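Morning, everyone. Please have the structure open on your screens while I talk.

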Amino acid sequence: MSPPPSLSVLLPSLRRFAAALSGAPRGRADELVLRAIHSVLREPPAESEAILCRKLRAQLTSLTQIRALPRPTPGAKAHPWEAALLDLPVVHRAALILVSVEGCSYDEAAQTLGISRAVLMGRLTAARHMLTNSLQDATSSAIHAPHLRLVK
Amino acid sequence: MTVPRKISDAELCAFLDEELPPARAAEVAAIVQCNGEMQSKLKIWRAQDQWLRATFAPLAHEPVPDLLMQALPTHRAPPFPHRVESLPALANGRDETLKWKMISLTLGVLLFATVLYASGVIPGTAHRQTITIDKKMDQPRSLRGS
């Protein structure tokens, strides 16, 4: 027996959201998706696919907040934003990913996270500032790093 | 001449994400054109968005692993009742199972109590037997007395 059709349709974007939000390897992110699905299906049935998707994303956000997954070690060629993104508080990260990656409107993203539009805008701005600052820090440390020497 | 309203960073973000009403978006666009600081902020934020999309968007095109598909709940009630005609049947099926579980549990308890009663383990039944014996013993005595 195959899973309900709506879940199969939502799975690719849910996996992407889980991976981006948790920063965890694919297997762990899939585990999160599965947990979110199981807990959402325990509730009364969603009225539409959009509502189901919103519930699942909200569940994934709270699961990521609760379960601190091991952070992957960024490779040598990793972008400074990769580490900076994982340094953001989960709720800020979720706001940024929902809007920038998932293409949600502000209202949709605010509903998903259970916050007002104004709070979402505040979190989004803070997240963008934090990423900008991290890149500036990385750039300045890269510039100054060659001048550092180990002194015994 | 009207003085243009100040633009907060949150509003600048909303401008970037095309979330401002058209009239305000036009105002902001005009102000941004003359403001180098805002232009550089927007440039960095756009670059962040492009990086985020380039990094994570391809994940949605990856095939979903079979293990995940197999692990999905299939026996539970699906999320959209109107899409599956057999949903009431599923619900009735669950009710029937519960009913039979309750009946078998009650029968089990009754059977257990009967066995205890028959074997005299229940204190009440043992006491009644003692009284019967005592009555038999007392009868001659009471006859003697009368």
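This is a predicted model: local features need pLDDT of at least 70, side-chain atom pairs count only at pLDDT 80 or more; totals for chains, interfaces and linings use all residues.

Let's start with chain A. Chain A has 7 helices and 0 strands. Along the sequence the pattern reads α-α-α-α-α-α-α. The chain has 152 residues, and 47% of them count as buried. Now look at its contacts between residues at least 6 apart in sequence. Of these, 66% join residues at least 24 apart.

Here is one example. Find Leu7(A), in helix 1 (residues 5-22) of chain A. Is Leu7(A) buried or exposed? Leu7(A) is buried, because its relative accessible area is 0%. What does Leu7(A) touch, leaving out residues up to four places away in sequence? The answer is Ile37(A), Leu41(A), Leu52(A) and Leu56(A). Take Ile37(A) from that list. Ile37(A) is 30 residues from Leu7(A) along the chain, yet their C-alpha atoms are separated by 8.5 Å.

Compare that with Asp107(A). Asp107(A) sits in helix 6 (residues 106-113) of chain A. Its relative accessibility is 45%, so Asp107(A) counts as partly exposed. Its C-alpha atom is 9.8 Å from that of Ala118(A), 11 residues away along the chain.

Next, the interface. How many residues of chain B are in contact with chain A? There are 37, and they meet 44 residues of chain A. Together the two chains bury about 3,900 Å². Carbon and sulfur atoms account for 69% of that area.

There are polar links too. Across this interface we find 3 salt bridges. We also count 12 residue pairs in polar contact, both residues at pLDDT 80 or more. Which elements of chain B give two or more residues to this side? They are helix 1 (9-16), helix 3 (36-56) and helix 4 (66-71). Helix 3 of chain B gives the most, with 10 residues. By class, chain B's side has 25 nonpolar, 3 polar and 9 charged residues.

Now zoom in on one loop of chain B. Asp17(B) lies between helix 1 and helix 2 (22-33). Asp17(B) counts as buried because its relative accessibility is 18%. Its side chain makes a polar contact of 2.5 Å with the side chain of Tyr106(A). Set aside neighbours within four places in sequence. Asp17(B) is then in contact with Val99(A), Tyr106(A), Leu124(A), Arg128(A) and Asp49(B). Two of those names belong together: Arg128(A) and Asp49(B) meet in a salt bridge, 3.1 Å from N to O.

Step along the loop to Glu18(B), which is also between helix 1 and helix 2 of chain B. Glu18(B) counts as exposed, because its relative accessibility is 70%. Check its backbone. Phi is near 55 degrees, a positive value in a residue other than glycine. Most residues other than glycine have a negative phi.

Then comes Glu19(B). Its side chain meets that of Arg117(A) in a salt bridge, 3.3 Å from N to O. This pair crosses between chains, from the loop of chain B to helix 7 (residues 117-144) of chain A. Glu19(B) is buried, with a relative accessible area of 18%. Arg117(A) is partly exposed, at 29%.

How many salt bridges are there over all chains? The structure holds 11. Follow Arg24(B), in helix 2 of chain B. Glu11(B) forms a salt bridge with Arg24(B), with the closest N and O atoms 2.7 Å apart. That pair links distant parts of the chain, helix 1 and helix 2, 13 residues apart. Glu27(B) also forms a salt bridge with Arg24(B), at 2.5 Å. Here both residues lie in helix 2 of chain B, 3 residues apart, about one turn of the helix. Arg24(B) is buried, at 6%. Glu27(B) is partly exposed, at 40%. Over in chain A, Arg16(A), Arg57(A) and Glu102(A) are linked in a network of salt bridges.

Last stop, the aromatic rings. We count 2 aromatic pairs over all chains. Why is the pair of Trp51(B) and Phe56(B) edge-to-face? Their ring centres are 6.4 Å apart and their planes are at 75 degrees, so the pair is edge-to-face. Over 60 degrees is the cut-off for that label. Trp51(B) and Phe56(B) are both buried. With Trp81(A), they form one aromatic cluster.

Notes. Residues are numbered from 1 along each chain as its sequence is written. Chains are lettered from A and ligands numbered from 1 in the order in which they are written. Side-chain values use heavy atoms; hydrogens and water are left out. Rings of Phe, Tyr and Trp (its six-membered ring) pair if their centres lie within 6.5 Å; planes under 30 degrees apart count as stacked, over 60 as edge-to-face and the rest as tilted. Buried means under 20% relative accessible area, exposed over 50%, partly exposed in between (1.4 Å probe, protein chains only). Contact means heavy atoms within 4.5 Å. Buried area is the accessible area (1.4 Å probe) that two parts lose on being put together, summed over both. A salt bridge is a side-chain nitrogen of Lys or Arg within 4 Å of a carboxyl oxygen of Asp or Glu. A polar contact is a pair of N or O atoms within 3.5 Å; within protein, one must be able to donate a hydrogen and the other to accept it, and residues adjacent in sequence count only if both atoms are side-chain atoms. Helices (H or I, at least four residues) and strands (E, at least two) are DSSP runs, numbered from the N terminus. Ala, Val, Leu, Ile, Met, Phe, Trp, Tyr, Cys and Pro count as nonpolar, Asp, Glu, Lys and Arg as charged, and the others, Gly among them, as polar.
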